[in-house]
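Subject: Handing over a structure, with notes

Dear colleague,

I am passing the structure below on to you, as you will be working with it from here. Please look through it first and then read my notes, which are written for someone who has not seen it before.

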Amino acid sequence: MARATLIGFSAVAMWALLALLTDASGAVPPFLLSAITFTIGTGVGLVARLFMPTADRSQKIPRQAKIPRKVWVIGIAGLFGYHFFYFTALRNAPAVEASLIAYLWPLLIVLGSALTPGERLAWNHVAGALLGLAGTVLIVTKGGGLAFDARYAFGYAMAGVCAVLWSAYSLLSRRFPSVPTSIVTWFCAATAALSLVCHLLLEKTVWPDGAGQWLAVLGLGLMPVGAAFYAWDIGVKRGNIQVLGAASYAAPLLSTLVLIAAGFAEPSLRILAACVLITGGAALAAKSLFFPKRATDGAGA
């Protein structure tokens, strides 16, 4: 379980590159960028199938296997739905408030895990997730206040749907551990196709300008919008989902640190405080991994 949890957390680390690479991709409209990057993400899955070790061939979908229809609905609604509602939220509400509402999904994963068969929600999972949320608030608001305006209620609602969709996708995927991770390839392909339809209906086409922007788009497709989703599938199906949920609040922190390293942001005490809150929250949520309980004799142990 620990190995799968670490693999799942590698997705969070890759998502930390999302802001930097998206900014470097230029003025490509969101749905077109989604269509291109998820097409690349589909390629990641197809190439991985070619080089998959014999021992891991069970992770390929057998040709005659029947994948439950609900799995396809969950996967496509999770990947495409999240991005559709996130882009819609940003179009209809201020970015700070919309982003913060959308980033309730790690907390929803931790709380929702109590409804998952075989899982037990402990106080440290909830406390760790809340500490992570507090750190995220510091990062997203830049230490300022929040101003929720009724005029943007629709945008806020879309951000809320976004958070619910991703948390539901993560929790429901855990109910189908026998479905191989290679199915994510086809989730990515469907998301790319649906994103292209939305682009053609809603946006003006603007392509990346120059090699630098195309490299940024390639980087997005290979990691945050590619390999990350395959790693996340492994994590939510076989890892500790409460720890993954709480640790996911590291994404905005790591993203900010990447921007600082790249010269796009300045270090501050606010970032340090967020680092302490998020790291402490993740450590608290994961304490059972670091200090597993020893079996004791007696029924009352």
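This is a predicted model: local features need pLDDT of at least 70, side-chain atom pairs count only at pLDDT 80 or more; totals for chains, interfaces and linings use all residues.

Residues are numbered from 1 along each chain as its sequence is written, and side-chain values use heavy atoms, with hydrogens and water left out.

The structure holds two salt bridges (a side-chain nitrogen of Lys or Arg within 4 Å of a carboxyl oxygen of Asp or Glu). In one of them R91 pairs with E203, and their closest N and O atoms are 3.2 Å apart. Because R91 belongs to helix α4 (residues 69-92) and E203 to the loop between α9 (184-202) and α10, this pair ties together parts that are 112 residues apart in sequence; helices here are DSSP runs of H or I with at least four residues, numbered from the N terminus. E203 counts as buried, at 13% relative accessibility (buried means under 20% relative accessible area, exposed over 50%, and partly exposed in between, with a 1.4 Å probe and protein chains only).

The other salt bridge joins D233 to K237, with the closest N and O atoms 3.1 Å apart. Both residues lie in helix α10, four residues apart, which is about one turn of the helix, and both D233 and K237 are buried.

S167 sits in helix α8 (residues 153-173) and is buried, with a relative accessible area of 5%. Its side chain reaches the backbone oxygen of A163 at 2.9 Å, and a polar atom of the S167 side chain also lies 3.0 Å from the backbone oxygen of V164. Neighbours within four places in sequence aside, S167 is in contact (heavy atoms within 4.5 Å) with W105, L108 and I109. Helix α6 (residues 105-112) is mostly covered, six of its eight residues being buried, and W105 and I109 are among them.

On the surface, L215, L218, L222 and M223 form a nonpolar patch with about 340 Å² of accessible area together (patch members have over 30% relative accessible area and no salt bridge, and nonpolar side chains are joined within 5 Å; areas come from the Shrake-Rupley method with a 1.4 Å probe). Of these residues, L222 is placed in helix α10 (residues 211-238) and counts as partly exposed, at 39% relative accessibility.

With best regards

Terms used: Patches are made of residues with over 30% relative accessible area and no salt bridge: like charges are joined within 9 Å, nonpolar side chains (Val, Leu, Ile, Met, Phe, Trp, Tyr) within 5 Å. Helices (H or I, at least four residues) and strands (E, at least two) are DSSP runs, numbered from the N terminus. A polar contact is a pair of N or O atoms within 3.5 Å; within protein, one must be able to donate a hydrogen and the other to accept it, and residues adjacent in sequence count only if both atoms are side-chain atoms.
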